Amino acid sequence: MTAADTSAVPPPARTAHPDHTPGVRAWTVTGLLVVFMMINFADKAVFGLAADEIRADLGLSATDFGLANSAFFLLFSVSAVVVGLIADRMSLKWLLLIMALLWSVAQVPAALGGGLAVLIGTRIVLGAAEGPAFPLAQQAALSWFPDHRRNLPGALVTLGVTLGVVTAAPGLSWVIRNHGWRAALWVVAGVGLLWAVAWCVYGVDGRHRHTGEAGKPPAGPGGRDARRIWHAYQHILGSRTWIGTTIAYFTSYWGVALMLVWLPSYLKNGLGHSSATAGTLVALPWALGAVFLLGQAALTNLLMNRGVTSRWARGRVGAGLLLAGALCLLGVPLADGTGVKTALLVTGFALGGSFATVAVTTVAELAPAARRGGSLGTMNAVVTTAGLIAPTVVGSMVDDQGTAGYQNAAVVFAVLLLLGALAAFALIDPARDAARTHA
C-alpha cells in the first residue's frame with residue numbers, strides 16, 4: 001500500500017494501530033493469511049496423499065473412500081454461509097482464530113485411532129470448521145486494500161492454497177511412508193496451533209472493511225431492517241455476474257476436489273508412477289497453477305489500470321483459463337505415452353483450478369461492503385458442493401471401470417470446464433451489475 005492509498009484514510013483509523021505503518025500491517029496480515037490457507041489445504045491434502053494407505057488399513061473400496069472425503073463437504077457449504085453472514089457483523093480476527101483452533105482439534109480423534117465411522121465423523125467436523133476459510137481469508141486480506149489494488153493480495157491468499165500442497169506434499173508423503181498416515185494428522189494439527197498463536201499476536205481487521213471506495217460508509221440497506229437486507233441480497237445473488245461467477249467457480253472447484261482426493265491415486269494407479277514420484281508430481285499442478293494465478297492477477301491489474309472494464313479484465317480472462325484447461329484435459333485420452341498424458345493432465349488441472357481469485361475479486365467488486373461477507377460466503381457454499389459430489393462420483397467410476405475410470409473422470413471435468421468458461425464469458429460484468437446492487 002502506497003502513501004497515496006492511505007492519504008484518504010480518516011485520522012481515527014490511522015491511530016488505531018500506532019505500532020505499525022499501514023503498509024507493514026497490511027502485508028503482515030496478508031502474509032499470515034497466506035500461511036492460513038497453506039495449512040488449510042495441507043489439512044485437505046493428507047487424505048489424498050495417504051489414499052492407498054488408508055484404504056488398505058481400513059479395508060475401504062474406492063467408493064467408501066470417496067464417501068469419506070465427500071463427508072468433509074457435508075457441512076462445509078452450510079458453515080460457509082452462516083459464518084459469512086456472521087462475518088458482516090463480527091471481527092474477522094476472532095472468527096479466523098476460532099476456525100484454526102477447531103481444525104487442530106478435529107484432527108485428533110482420527111490421529112488416535114478408529115475406523116471408517118471415526119474417519120467420516122472427524123471429516124465432517126473438519127469440513128464445518130474449514131468451510132468459511134477461503135472467503136473469510138480473502139475478505140480479511142482485501143479489507144486492507146482499495147478495489148483497484150486487490151488483485152495482488154487476493155492472488156497471494158489464493159496462492160496459499162498452492163503453497164500448502166506444494167510444501168506439504170513431499171514432507172507429508174515422507175511422514176506417511178515412514179510413520180503412517182495417522183502421524184501426518186498430528187503434524188498438521190501442531191502446525192495449526194502454531195499459526196493460531198501467531199495470529200493472536202499479529203492479526204487485525206483491515207481499514208477498508210466497512211468503507212466504500214471513497215472512504216465513506218457504504219450506502220445500502222440498514223443492518224436491522226431484515227426486509228431491506230433480503231432485498232439487497234436478492235439483487236446481488238440474482239445478478240448475472242454472481243450467477244456466472246458461481247457457475248464458473250463451481251466447475252473449477254470440481255477439479256480442486258479431485259486434485260486433493262484422487263490425483264495422487266490417478267498418478268500411481270492410472271498412469272503407473274511410483275509412490276515417491278507421485279508424491280512429487282502431485283505438487284506440479286498446484287505449482288503451475290500458482291504461475292497461472294499470478295499471471296492472471298498481473299494481466300487483470302494491467303488491463304484495469306489501462307481502463308479496460310472488469311467484464312474483460314476479470315470475466316473473460318477467467319473464461320480463457322477455464323477453456324485452456326478443458327482443451328488440455330480433452331487431449332489426455334488422445335495422447336500417446338505416459339509423459340505426454342501426465343503433462344496434459346497436470347496443465348489441465350492447473351489451468352482449470354485457477355479461477356478462485358477471479359471469482360473473489362469479481363464478487364468483492366459486485367457486492368456493497370456491508371454485504372460482502374454474505375455474498376462471498378454464499379458463493380463459496382454453492383461452489384464447494386462440487387467437493388461433496390466429485391469424490392464419490394469418481395470413486396464409483398473407479399470401482400466400476402477400473403483404472404479407465406480415472407481418465408474418464410478427467411474428461412468429465414473437461415466438459416464441466418467448458419460450461420464454466422461459457423458462463424464466465426457470457427454473464428460476468430461486475431461494473432454493470434454493481435450499479436444495481438449499490439443503488
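The crossing of α10 and α11 is right-handed, a crossing being right-handed if the near helix is turned clockwise from the far one by less than a right angle, and left-handed if anticlockwise. The model is predicted, with local features needing pLDDT of at least 70 and side-chain atom pairs counting only at pLDDT 80 or more, while totals for chains, interfaces and linings use all residues. Residues are numbered from 1 along each chain as its sequence is written, and side-chain values use heavy atoms, with hydrogens and water left out.

**Helix α10 with helix α11**

- Helix α10 (residues 151-179) packs against helix α11 (residues 181-202) at an angle of about 140°, and their axes are 7 Å apart.
- Helices are DSSP runs (H or I, at least four residues) numbered from the N terminus; axes are lines fitted to C-alpha atoms over the stretch in contact, and angles run from 0 to 180 degrees between N-to-C directions.
- α10 and α11 are therefore oblique to each other; angles under 35 degrees count as roughly parallel, over 145 as roughly antiparallel, 65 to 115 as roughly perpendicular and the rest as oblique.
- L172, V175, I176 and H179 of α10 meet W181, A183, A184, V187 and V188 of α11, where contact means heavy atoms within 4.5 Å.
- By class, the contact of α10 with α11 holds 8 nonpolar residues, 1 polar and no charged ones (Ala, Val, Leu, Ile, Met, Phe, Trp, Tyr, Cys and Pro count as nonpolar, Asp, Glu, Lys and Arg as charged, and the others, Gly among them, as polar).

**Helix α5 with helix α21**

- Helix α5 (residues 62-71) and helix α21 (residues 385-401) pack at about 175°, with axes 7 Å apart.
- α5 and α21 are therefore roughly antiparallel to each other.
- The contact of α5 with α21 divides into 5 nonpolar, 8 polar and 1 charged residues.

**Cavities**

- There are 7 cavities of 30 Å³ or more, a cavity being a set of points on a 1 Å grid over the protein atoms alone where a 1.4 Å probe fits but cannot get out, with lining residues having an atom within 4 Å of a point.
- The largest cavity has a volume of about 250 Å³, a volume being the space filled by probe spheres set on the points, which are joined across faces, edges and corners.
- Of its 28 lining residues, F41, V161, V256, G353 and A356 are the closest to the centre of the largest cavity.
- α16 gives the largest share of that lining, 5 residues, and the lining of the largest cavity divides into 17 nonpolar, 9 polar and 2 charged residues.
- The second largest cavity holds about 110 Å³ of space, and its lining includes L49, E53, S173, I176 and R177.

Terms used
Helices (H or I, at least four residues) and strands (E, at least two) are DSSP runs, numbered from the N terminus. On a 1 Å grid over the protein atoms alone, a cavity is a set of points where a 1.4 Å probe fits but cannot get out, and a pocket is an open set with protein on both sides within 12 Å along at least five of seven lines; lining residues have an atom within 4 Å of a point.
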